[in-house]
Amino acid sequence: MKTILVVDDEEKIRDVVTSYLRKEGFQAVEAATASQALQTLQNRSIDLVILDLMLPDMEGELVCQTIRTLNSVPILMLTAKASEQNRIKGLSIGADDYLTKPFDPREVVARVRAILRRTDDGFLLADRLSFNHGHLEIDSLRHSVTCHGEPVSLTPNEYKLLLALAKYPQRHFTREELVEKVLGYEFEGDIRTIDQHVKNIRHKIEADPKSPRYIVTVYGSGYRFAGGVAK
């Protein structure tokens with residue numbers, strides 16, 4: 001049974017969301033503040049966080065960034081901010097999906113299921129990929145990435161995107177193909193969301209993100225992985 005942490009200062013919203021999650025077979029725990037949420041994440045195993053951006057003790061964006069320093073648990077953001085700029089910002093700081101209020105609780109459950117399918121460890125390879133004489137390594141057993149021997153903190157979607165590309169060096173993937181591999185067939189947002197994930201990964205693994213040696217743009221179409229042959 002997957003455990004979902006619902007973080008929202010509005011009790012009615014927590015009650016509705018947790019009720020629907022439990023009916024669908026999830027275990028749901030609640031937090032009304034950022035401090036409660038972070039304490040819960042430190043004290044127990046959580047499979048996904050549903051995070052409201054308007055919390056009384058800390059901005060949701062900062063909570064998201066703080067969670068990312070702790071682990072790579074998937075995060076579904078809930079917010080009344082409906083602009084594309086806010087959605088892109090949420091994804092850029094580590095959220096895996098973004099849902100605006102008001103929302104149908106059934107859609108929340110559907111998004112949770114979709115995110116968990118995308119981030120399920122069952123898809124991982126039983127192997128380690130090493131590129132450019134070990135400068136970049138992807139350990140799919142441990143779900144970890146290192147660059148020059150230092151651990152790299154990636155969100156679940158960033159990890160899936162990097163691995164999807166690295167499994168097939170030099171193969172050209174369109175944005176549509178990458179959306180299906182990383183975000184799933186159910187994704188109905190802008191396919192350029194992939195561009196933001198690529199930008200984030202480049203800042204984490206490239207010596208010069210403006211002149212990448214690993215994830216290279218295929219102009220007008222998509223991306224390919226240009227690292228040295230995997231060992």
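Predicted model: local features only at pLDDT ≥ 70, side-chain atom pairs only at ≥ 80, totals over all residues.
Rings of Phe, Tyr and Trp (its six-membered ring) pair if their centres lie within 6.5 Å; planes under 30 degrees apart count as stacked, over 60 as edge-to-face and the rest as tilted.

Residues are numbered from 1 along each chain as its sequence is written, and side-chain values use heavy atoms, leaving out hydrogens and water.

I counted two aromatic pairs in the structure. In one, the ring centres of Y214 and F225 are 5.9 Å apart with planes at 25°, so this pair is stacked. Y214 and F225 are both buried (under 20% relative accessible area; exposed is over 50%, partly exposed in between, with a 1.4 Å probe and protein chains only).

Next I looked up helix α2 (residues 34-43), where A34, A37, L38, T40 and L41 are buried. Down the axis of α2 they fall within an arc of 160° (taken from the directions from the helix axis to the C-beta atoms), so they line one face. On the other side of α2, I found Q42 and N43 exposed.

T79 counts as buried because its relative accessibility is 0%. Beyond its neighbours within four places in sequence, T79 is in contact (heavy atoms within 4.5 Å) with D52, L53, Y98, L99, T100 and K101. Helices (H or I, at least four residues) and strands (E, at least two) are DSSP runs, numbered from the N terminus.
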